[in-house]
Amino acid sequence: MSKPWTDRSFYVLVYSVVIIAILVTLYPFVYVVSISMSSVAAIDSKQVTLLPVDLSFSGYKMVLGYSELWRSYYNTIWYTVVGTICNLVATCLAAYPLSRKRFFLRRKLNFYIAFTMYFSGGLIPLYMIITELGLYNTRWAMILPVLVSTFNVMILRSAFENIPNEIFESATMDGARDFTMLFRIAVPLTKPTLAVLTLYYAVAHWNDFFNALLYLGNAELQPLQIFLRRVLIMASPEIMQKMGGETAAKALAVSTLQVRYVSIVVSILPIITIYPFIQKYFVRGITLGAVKG
């Protein structure tokens with residue numbers, strides 16, 4: 001039996017809106033990639049609209065040959081890997097006791113944790129704490145201030161609460177303690193949620209530049225996003241010359257716009273590469289950690 005014309009019209013409208021949204025979202029990225037791979041003459045004459053014109057990788061050669069890029073890359077990878085591991089461990093340790101009804105401080109801690117989602121001490125007190133603890137100009141200044149996300153704790157707490165309590169009771173009768181139940185029962189059963197939180201934390205660390213502006217005055221410790229900020233906002237002949245070599249002529253052989261777009265592509269490539277492998281966990285992970293009414 002064929003569907004009525006109203007249903008067909010509705011589906012056509014929905015698919016049309018989705019296709020337009022995909023095109024609007026995808027086009028800027030395709031344009032950035034095309035600019036990064038086109039020749040300087042094509043860029044200057046504004047011939048690039050969708051696909052690369054006069055394929056050229058001179059911009060990539062210049063940017064990838066800049067030593068500061070690789071130092072920033074190493075710093076960002078360190079912050080992302082170490083920071084995400086610390087985030088997940090701290091989030092699990094915070095969410096598990098809050099999910100157990102027998103924990104006598106459960107209600108009070110839930111209130112205090114939720115309270116911090118709406119009110120904070122402010123930027124200046126946090127900066128004073130970081131400096132007083134001796135964390136200024138250290139790698140841990142990028143990790144400890146954002147060690148736990150209260151929103152992510154709530155998601156993981158709900159995921160732990162959805163595990164049947166009979167499993168924990170059976171483990172307790174077999175002599176299992178809380179750490180055993182956390183890491184051998186709760187964590188394996190909530191892998192989809194943990195995969196989602198891993199991506200949340202990793203992307204946050206990868207894109208973090210504000211904390212680096214506040215706490216990292218040493219250029220040797222600054223992440224990739226600070227390098228990208230200097231290229232995008234503060235691009236100048238001096239920066240171009242440092243990238244291209246000792247001669248300004250070699251630096252000016254590559255368009256400033258191209259250098260900016262190449263830097264964008266280089267900076268987001270790892271996240272784009274990793275995302276497809278954990279995208280399948282998104283819907284299941286968020287649903288598993290959803291707050292039930």
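How close do the axes of helix α5 and α7 come, and at what angle do they cross? I found that the axes of α5 (residues 106-115) and α7 come within 10 Å and cross at roughly 145°, where axes are lines fitted to C-alpha atoms, for helices over the stretch in contact, and angles run from 0 to 180 degrees between N-to-C directions.

Before going on, I noted that this is a predicted model, in which local features need pLDDT of at least 70 and side-chain atom pairs count only at pLDDT 80 or more, while totals for chains, interfaces and linings use all residues. Residues are numbered from 1 along each chain as its sequence is written, and side-chain values use heavy atoms, with hydrogens and water left out.

I then listed the residues of this contact (heavy atoms within 4.5 Å): R106, N110, I113 and A114 in α5 meet T150, M154, R157 and E161 in α7. They divide into three nonpolar, two polar and three charged, with Ala, Val, Leu, Ile, Met, Phe, Trp, Tyr, Cys and Pro counted as nonpolar, Asp, Glu, Lys and Arg as charged, and the others, Gly among them, as polar.

For the fold as a whole, I recorded 16 helices and zero strands in the chain; these are DSSP runs numbered from the N terminus, helices being H or I of at least four residues and strands E of at least two. Buried residues make up 38% of the 293 residues, where buried means under 20% relative accessible area, exposed over 50% and partly exposed in between (1.4 Å probe, protein chains only).

Next I turned to the rings and counted 18 aromatic pairs, defined for Phe, Tyr and Trp (its six-membered ring) by centres within 6.5 Å, with planes under 30 degrees apart stacked, over 60 edge-to-face and the rest tilted. F57 is partly exposed at 41% relative accessible area, whereas Y60, at 15%, counts as buried.

Y96 and F160 have ring centres 6.1 Å apart and planes at 75°, so this pair is edge-to-face. Because Y96 lies in helix α4 (residues 67-99) and F160 in α7 (residues 150-161), the pair ties together parts that are 64 residues apart in sequence. Both Y96 and F160 are buried.

I also noted one aromatic cluster formed by F111, Y112, F115 and F119.
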